Amino acid sequence: MTKRHQSNDIPAAVWPGQDLLNGKPVRSLTIIFRTIGCYWTGCTMCGFYNESAITPPTRDDLLSQLEYAIGRMGDQTNLFKIFTSGSFFDNREISLSTRNLILERIASTGTIKKIVAETRPEFINKDTLSSALGILEKYNVKLEIAMGLETSNDVIRDECINKGFIFTDFIKASVIASEIGVSTKAYLLLKPPLLSEKTAINDMLASIIDTTPYSSTISLNLCNVQRATTVERLFNKKDYRPPWLWSAVFILSQAKQMFPEVTFMSDPVGAGAKRGPHNCRKCDKIVAQSLRDFSITQDRSILSSVDCDCYYLWEKVIELEDFVYVPY
Ligand code: SF4
Ligand SMILES: [Zn+2]
């Protein structure tokens with residue numbers, strides 16, 4: 001990841017990566033536009049607020065951010081992933097006309113086949129998506145919306161995450177999108193605060209079952225401790241431990257077995273760090289890599305090929321933690 005800058009004409013972050021497109025690994029580029037930030041700002045684990053601009057970036061600033069990213073795009077990049085410090089389709093962050101210029105510029109690079117743009121569901125409506133599609137179809141570029149659903153459980157989303165929307169809002173946005181040929185990716189959050197490891201795993205398995213009818217891709221985000229968040233306050237008081245990597249291995253393996261046609265991804269940010277998802281430290285690197293390798297191959301056998309003595313400790317945590325913790 002490139003160094004984070006504070007200037008309004010430089011994005012919050014840009015990095016190249018690998019993703020699946022129509023079942024094949026391709027090169028991707030991810031940009032986090034520095035915008036005025038998410039209007040919601042209330043999620044317990046979210047540190048995007050730290051990355052947002054102090055004064056609203058102008059249209060030229062946003063287009064300069066885009067050029068900075070395009071300058072780091074390899075020749076063979078087929079997938080362009082857009083994040084802001086909030087929602088790409090929120091006019092308060094990026095106006096309709098600027099959004100259209102951004103989409104047109106990305107599509108006109110020639111190699112991009114699909115754009116994935118992250119947004120909260122309340123900004124999705126037929127007009128917004130039709131306007132984006134009107135531009136992208138000229139270049140034969142597909143559009144996918146990515147939404148941070150986090151969980152299909154409205155109580156957990158409300159009380160542990162404070163997300164401010166309900167599962168039905170996600171479903172409505174996804175149905176509107178699919179009616180006009182836009183696919184949906186759902187981000188699920190493994191282990192928000194206040195849940196035991198076992199409850200968190202069960203929440204993800206239930207969420208995957210609930211979400212697959214509305215999403216062709218499900219990305220499992222492993223909660224990490226970001227600066228100036230509720231999760232950090234709990235972590236500092238030793239009231240929060242990020243998820244075990246074994247939990248993600250277990251969930252993805254089960255999920256792929258249940259729904260072989262759905263693409264499951266996970267990029268464990270901060271894996272191995274105290275503030276990130278981790279096992280025993282000895283095996284963190286190799287287990288995190290197995291999650292990434294699985295994401296790009298969808299091959300479950302990769303997940304069962306990793307091993308470490310701490311697996312038995314994780315099993316004990318799952319078996320016993322609920323007896324000393326107050327779960328949902
Ligand atoms: S909606 Fe997204 S960007 Fe906004 S506070 Fe929540 S996690 Fe952060
Ligand atoms: Zn280990």
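Author: The questions and answers below concern a predicted model.

Reader: Which residues are around ligand 1, and how many of the shell are charged?

Author: The residues around ligand 1 are C38, T41, G42, C43, M45, C46, F48, G86, R120 and K163. Arg and Lys count as charged, whereas Cys, Met and Phe count as nonpolar. The shell therefore divides into five nonpolar residues, three polar ones and, as charged residues, two.

Reader: Where is C46 found, and is C46 buried, partly exposed or exposed?

Author: C46 is found in the loop between strand 2 (24–32) and helix 1 (59–70). Leaving out residues up to four places away in sequence, C46 touches Q226 and T229.

Reader: Which residues lie nearest the centre of the second largest pocket?

Author: This pocket holds about 400 Å³ of space. Strand 1 (13–21), strand 4 (114–118), strand 5 (142–150), strand 6 (183–190) and strand 8 (263–265) each give two or more residues to its lining. By class, the lining has six nonpolar, nine polar and six charged residues. The lining is made of 21 residues, and those nearest the centre are L20, L21, N22, K114 and E144.

Reader: With which residues is F89 in contact, leaving aside its neighbours within four places in sequence?

Author: F89 is among the residues with the most contacts inside the largest nonpolar core. With the neighbours within four places left aside, F89 is in contact with R99, A117, T119, F123, I124, T128, L129, A132, L143 and I145.

Reader: Why does F294 count as buried?

Author: F294 lies in helix 9 (residues 284–297). Beyond residues up to four places away in sequence, F294 touches L252, K256, F264, D299, R300, I302 and L303. F294 is buried because the cut-off is under 20% relative accessible area and its own value is 0%.

Reader: How many Å separate the C-alpha atoms of Y240 and Q226?

Author: Y240 lies in the loop between helix 7 (230–236) and helix 8, and at 7% relative accessibility Y240 counts as buried. Not counting residues up to four places away, Y240 touches K191, P192, P193, C223, V225, V231, L234 and F235. Y240 and Q226 are 14 residues apart along the chain, and their C-alpha atoms are separated by 12 Å.

Reader: Is N140 buried or exposed?

Author: N140 lies in the loop between helix 3 (126–136) and strand 5. Its phi is near 60 degrees, a positive value in a residue other than glycine. Exposed means over 50% relative accessible area and N140 has 63%, so N140 is exposed.

Reader: Is Q298 buried or exposed?

Author: Q298 lies in the loop between helix 9 and helix 10 (300–304). Phi of Q298 is near 65 degrees, a positive value in a residue other than glycine. Its relative accessibility is 14%, and the limit is under 20%, so Q298 counts as buried.

Note on methods
Residues numbered from 1 in each chain as written. Chains lettered and ligands numbered in written order. Predicted model: local features only at pLDDT ≥ 70, side-chain atom pairs only at ≥ 80, totals over all residues. Heavy atoms only, no water. Near = heavy atom within 4 Å. 1 Å grid on protein atoms, 1.4 Å probe; cavity = no way out; pocket = protein on both sides within 12 Å on 5 of 7 lines; lining within 4 Å. Points joined across faces, edges and corners; volume = space filled by probe spheres on them. Helix = DSSP H or I, 4+ residues; strand = E, 2+ residues; numbered from the N terminus. Core = buried A, V, L, I, M, F, W, Y, C linked by side-chain atoms within 4.5 Å. Buried < 20%, exposed > 50% of the residue type's maximum accessible area, 1.4 Å probe, protein only. Contact = heavy atoms within 4.5 Å.
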